[in-house]
Amino acid sequence: MNEDFKMNINEKLDKISKQLEKSKISEYVDIMNNRKRLLYINFLGGLVRGFGMAIGFTLLGALALYILNKMITWNLPVIGGFISDIVKIVQENLGGY
């Protein structure tokens, strides 16, 4: 019975060991211990996130201006004048684009 118990524990330890290898926890620990690599990875991640936000904001802003320009042509009574003022202000600040 004692040998069966040891075999069962050894099998479970092997299973846990394989699961830890699959989770690549050793690579994570290596990165956490190497401050230069951690800083480099976080710096690159920040650059990519910042670039993505800038592109996304530009596209959403262009889409909003396009929709506002279309709303002006619909000749809405109160909103049309307000929107045309907003579009004029934005175009003046962008240099007349």
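This is a predicted model: local features need pLDDT of at least 70, side-chain atom pairs count only at pLDDT 80 or more; totals for chains, interfaces and linings use all residues.
Reader: Why is Leu 20 called partly exposed?

Author: Leu 20 has a relative accessibility of 44%. Buried means under 20% and exposed means over 50%, with partly exposed in between. Leu 20 therefore counts as partly exposed. Its place is in helix α1.

Reader: What makes Met 32 partly exposed?

Author: The relative accessibility of Met 32 is 40%.

Reader: Which helices supply at least two residues each to the nonpolar patch?

Author: They are α1, spanning 2-23, and α2, spanning 25-33.

Reader: How is Asn 8 known to be partly exposed?

Author: Asn 8, in helix α1, has a relative accessibility of 36%. The limits are under 20% for buried and over 50% for exposed, so Asn 8 at 36% counts as partly exposed. Its C-alpha atom is separated by 68 Å from that of Ile 67, which is 59 residues apart from Asn 8 along the chain.

Reader: Why does Ala 62 count as partly exposed?

Author: Ala 62 lies in helix α3, and its relative accessible area is 46%. Exposed requires over 50% and buried requires under 20%; Ala 62 is therefore partly exposed at 46%. From C-alpha to C-alpha, Ala 62 and Ser 17 are 53 Å apart in space, and they are 45 residues apart in sequence.

Reader: Why are α3 and α4 called oblique to each other?

Author: The axes of α3 (residues 35-73) and α4 (residues 79-94) cross at roughly 135 degrees. Roughly perpendicular covers 65 to 115 degrees, and roughly antiparallel begins over 145. The two helices are therefore oblique to each other. Their axes come within 9 Å, and α3 passes α4 in a left-handed crossing.

How values were computed:
Residues are numbered from 1 along each chain as its sequence is written. Side-chain values use heavy atoms; hydrogens and water are left out. Helices (H or I, at least four residues) and strands (E, at least two) are DSSP runs, numbered from the N terminus. Buried means under 20% relative accessible area, exposed over 50%, partly exposed in between (1.4 Å probe, protein chains only). Axes are lines fitted to C-alpha atoms, for helices over the stretch in contact, and angles run from 0 to 180 degrees between N-to-C directions. Angles under 35 degrees count as roughly parallel, over 145 as roughly antiparallel, 65 to 115 as roughly perpendicular and the rest as oblique. A crossing is left-handed if the near helix is turned anticlockwise from the far one by less than a right angle, and right-handed if clockwise.
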